[in-house]
Amino acid sequence: MLKENINEFLLFIALAQEGSFTKAAAKLGMSQSALSHAIKALEERIKLRLFNRTTRSVSLSDAGERLLTIIEPRFTEIEDELQLLKEDYHKAAGNIRLSSSDYATQYIIWPVVKQFAKEYPDIKVEINVENKLTDIVTERYDAGVRFGDQVAKDMIAVRISPDIRFLIVCTSAYLEGKSEPLIPDDLLKHQCINMRLNSNGGMYAWEFERDGKNSRLRVNGQFAFNSPNQVLDATLDNFGFAYLPDTMVNKYLEAGQLVSVLKEWSPLTPGLHLYYPSRRQHKLAFMLLLKALHYKSSL
């Protein structure tokens, strides 16, 4: 079935991107009726309604949105790889601008970029560290970094990390003489180090999950920061509990500098993704960096 649907999938992506039979047909160089017939044939073949149609508009159905999320990045990756085959990798040059949080920069982006820079010395990479949700189109970035569930649907997202588990940690010295929390609400009896969100100025509510149920808790404490690195420093200095990604604290847990509590309540978060506009034509330099950052599961 897939072999028969390849061309229809490409037509589907074009219509989803344009949101109009008129615009999509013009882009594809075909008539509106031919495009409409092809989309209808695809829907009948896979037995799913992909678009909601009215006399004035066309929009993706829930099934259409899921299908677009599945196939669009794969077709884009094929196009990018074909472009790379036409180019000389080692003559790649240019500037790349990324928007990323300090956590993503330090633990995910920089370990890859510092090796990438040695292989491609003529590619310049600018990383703007900001702990907020940035409009990368308005700010003229090539790409941004967000957790998978925060990426807008009109963007292409490429996974650059495994899923990340957030842990509740503190030092043994802080816990000495105190009761260990057994449920999230017990944290309200403790000093907790808050994280202030730059996007709206509010404090980040700690998230928990157990037996399929999600909950959020706003904690209290003497300190608040807008950077997880400072939260980690304050935690190591015995000022209370912190809510931090496992990749930040694992080495301290293994060394015995930190202990973890409420492990059975710790949520697994969709990993970090590099995201970028789906309609933008990308430079060879960007495509090479994207390839370097792309996370490939060992499973």
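How exposed is Arg45? Arg45 is partly exposed, at a relative accessible area of 33%; here buried means under 20% relative accessible area, exposed means over 50%, and partly exposed is in between (1.4 Å probe, protein chains only). We will come back to this residue below.

## About the model

You are looking at a predicted model, in which local features need pLDDT of at least 70 and side-chain atom pairs count only at pLDDT 80 or more, while totals for chains, interfaces and linings use all residues. Residues are numbered from 1 along each chain as its sequence is written, and side-chain values use heavy atoms, with hydrogens and water left out.

## The overall picture

Nine helices and 15 strands make up the secondary structure count of the protein. Both kinds of element are DSSP runs numbered from the N terminus (helices: H or I, at least four residues; strands: E, at least two). Along the principal axes, the C-alpha atoms fill a box of roughly 75 × 45 × 35 Å.

The protein has 299 residues, and 43% of them count as buried. Among contacts with a separation of 6 or more, 74% come from residues 24 or more positions apart; a contact means heavy atoms within 4.5 Å.

## Surface and charge

The protein carries 37 positive and 37 negative charges, with mean positions 4 Å apart. In this tally Lys and Arg are positive and Asp and Glu negative, while His and the chain ends are not counted. Each charge is placed at NZ of Lys, CZ of Arg, CG of Asp or CD of Glu.

## Salt bridges

Side chains of opposite charge can pair when their charged atoms come close. The structure holds seven salt bridges, each being a side-chain nitrogen of Lys or Arg within 4 Å of a carboxyl oxygen of Asp or Glu. One of them joins Arg45 to Glu8, with the closest N and O atoms 2.6 Å apart. This pair links distant parts of the chain, 37 residues apart: Arg45 sits in helix α3 (residues 32-46) and Glu8 in helix α1 (residues 2-18).

Lys189 pairs with Asp186, with the closest N and O atoms 3.8 Å apart. Here Lys189 is exposed, with a relative accessible area of 71%, whereas Asp186 counts as buried at 16%.

Glu72 lies in helix α4 (residues 62-86) and is buried, at 6% relative accessibility. Its side chain makes a polar contact with the side chain of Gln17 at 2.7 Å. A polar contact is a pair of N or O atoms within 3.5 Å; within protein, one must be able to donate a hydrogen and the other to accept it, and residues adjacent in sequence count only if both atoms are side-chain atoms.

Ser36 is found in helix α3 and is partly exposed, at 31% relative accessibility. Ser36 and Leu15 are 21 residues apart in sequence, with 9.7 Å between their C-alpha atoms.
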